[in-house]
Amino acid sequence: MIKAILFDYGGVYGGEGFSALLKRLAKISGKPYEFIFSLAFRKICIEDGFVAGKVPEEYFWNEILRGLNLS
């Protein structure tokens with residue numbers, strides 16, 4: 001008997017919000033989207049291990065602010 005059906009609509013359970021966040025950060029900082037994507041996704045999420053739970057959310061945001069020279 002099927003108890004639940006999950007649909008992943010374009011990202012891992014709602015990844016569009018992450019993309020919208022990165023676009024907003026690009027607008028606020030004046031930096032290119034590609035730079036912010038590389039910083040947030042490639043470096044912090046993958047290399048530093050945010051998606052694997054190796055670093056906390058506070059680390060994610062501190063690295064974003066530092067990388068974009070925002071306070």
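Which residues make up the largest nonpolar core?

## The model and its core

This is a predicted model, in which local features need pLDDT of at least 70, side-chain atom pairs count only at pLDDT 80 or more, and totals for chains, interfaces and linings use all residues. Residues are numbered from 1 along each chain as its sequence is written, and side-chain values use heavy atoms, with hydrogens and water left out.

The largest nonpolar core has 11 residues: Leu 22, Leu 25, Ala 26, Ile 36, Leu 39, Ala 40, Ile 44, Cys 45, Phe 60, Ile 64 and Leu 68. Such a core is a set of buried Ala, Val, Leu, Ile, Met, Phe, Trp, Tyr and Cys residues joined through side-chain atoms within 4.5 Å; buried means under 20% relative accessible area, exposed over 50% and partly exposed in between, with a 1.4 Å probe and protein chains only. At least two core residues come from each of helix H1 (16-29), helix H2 (33-47) and helix H3 (57-67), and H2 gives the largest share, 5 residues. Helices here are DSSP runs (H or I, at least four residues), numbered from the N terminus.

Leu 22 is in contact (heavy atoms within 4.5 Å) with Tyr 33, Ile 36, Phe 37 and Ala 40, leaving aside its neighbours within four places in sequence.

## How H2 meets H3

The axes of H2 and H3 come within 11 Å and cross at roughly 145 degrees. These axes are lines fitted to C-alpha atoms over the stretch in contact, with angles from 0 to 180 degrees between N-to-C directions.

On the H2 side, Phe 35, Leu 39, Ala 40, Lys 43, Ile 44 and Cys 45 meet Tyr 59, Phe 60, Glu 63, Ile 64 and Gly 67 of H3. These residues divide into 8 nonpolar, 1 polar and 2 charged, with Gly counted as polar, and Glu and Lys as charged.

## The two sides of H3

Phe 60, Glu 63 and Ile 64 are buried in H3. Seen down the helix axis, they fall within an arc of 100 degrees, so they line one face of H3; the arc is that of the directions from the axis to the C-beta atoms. Turned away from this buried side are the exposed residues Glu 58 and Arg 66.

Tyr 59 also belongs to H3. At 26% relative accessibility, Tyr 59 counts as partly exposed. Beyond its neighbours within four places in sequence, Tyr 59 is in contact with Lys 43, Ile 44 and Asp 48. Just after H3, Asn 69 has a positive phi of about 55 degrees.
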